[in-house]
Amino acid sequence: MLMRTDPFREIDRLAEQLFSTATRPAVMHLDAYRDGEWFYAVFDLPGVDPDSIDCTVERNVLTVRAQRRRPTGESVELVAAERPMGTFSRQLFLGDTLDTDRLEAGYDNGVLTLRIPIAERAKPRRISVTAAHPDGNGRREINA
């Protein structure tokens, strides 16, 4: 699963509220949850060109980067600029229970959804237990 030990996240949230401007983009917000055999990380990225989204996994660190640009051109006149622009980036520290080799990513209606299967080694499994045969002469297998 997702590692929840990020001691600086609250500081990041406070800094985002205090220092976030149109020239210094805020962090991308996310929801993370498990649904059955899958782990999901869902990022809000409205107005981002899907070609600018870059997802990488190195060891257990997932990095998501995306860019939102203002329209440019000779005929473009900026009247208001309230939406954050620039490069957005977010890192998640993933636990060893996820199979990052089979990560799936999709972008729809401004939402990036990452779907990661739970690793086979992290799923519950039956353990075979052996016990002495009642007459003491052998062993028999018992399924627990």
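**Aromatic, charged and strand contacts**

User: Is tyrosine 40 buried or exposed, and what makes it so?
Analyst: Tyrosine 40 has a relative accessible area of 13%. Buried means under 20%, exposed over 50%, and partly exposed in between, with a 1.4 Å probe and protein chains only, so tyrosine 40 is buried. Please keep in mind that this is a predicted model, where local features need pLDDT of at least 70, side-chain atom pairs count only at pLDDT 80 or more, and totals for chains, interfaces and linings use all residues. Residues are numbered from 1 along each chain as its sequence is written, and side-chain values use heavy atoms, with hydrogens and water left out.

User: How many aromatic pairs does a search of the whole structure find? And why is the pair of tyrosine 33 and tyrosine 40 called stacked?
Analyst: The search of the whole structure gives one aromatic pair. The ring centres of tyrosine 33 and tyrosine 40 are 5.1 Å apart, with planes at 15°. Rings of Phe, Tyr and Trp (its six-membered ring) pair if their centres lie within 6.5 Å; planes under 30 degrees apart count as stacked, over 60 as edge-to-face and the rest as tilted. So this pair is stacked. Tyrosine 33, at 40% relative accessibility, counts as partly exposed.

User: How do you know that the charged end of arginine 115 sits over the ring of tryptophan 38?
Analyst: The charged end lies 3.5 Å from the ring centre. The rule asks for NZ of Lys or CZ of Arg within 6 Å of the ring centre and within 35 degrees of the ring normal, and arginine 115 is found to sit over the ring of tryptophan 38.

User: What makes glutamate 104 and arginine 115 a salt bridge?
Analyst: Their closest N and O atoms are 3.2 Å apart. A salt bridge needs a side-chain nitrogen of Lys or Arg within 4 Å of a carboxyl oxygen of Asp or Glu, so the pair qualifies. Glutamate 104 belongs to strand S6 (residues 104-108) and arginine 115 to strand S7 (residues 111-117), so the pair ties together parts that are 11 residues apart in sequence. Glutamate 104 is partly exposed at 39% relative accessibility, and arginine 115 is partly exposed at 27%.

User: How many salt bridges are there by this rule?
Analyst: The count is two. Arginine 102 forms one with aspartate 99, with closest N and O atoms 3.4 Å apart. Arginine 102 counts as partly exposed, at 45% relative accessibility.

User: How do you know that S1 and strand S2 pair?
Analyst: Six bridges join S1 to strand S2 (residues 38-44), and two strands pair if DSSP finds at least two bridges between them. The two run antiparallel, and leucine 30 stands opposite phenylalanine 43 in S2.

Definitions and conventions. Helix = DSSP H or I, 4+ residues; strand = E, 2+ residues; numbered from the N terminus.
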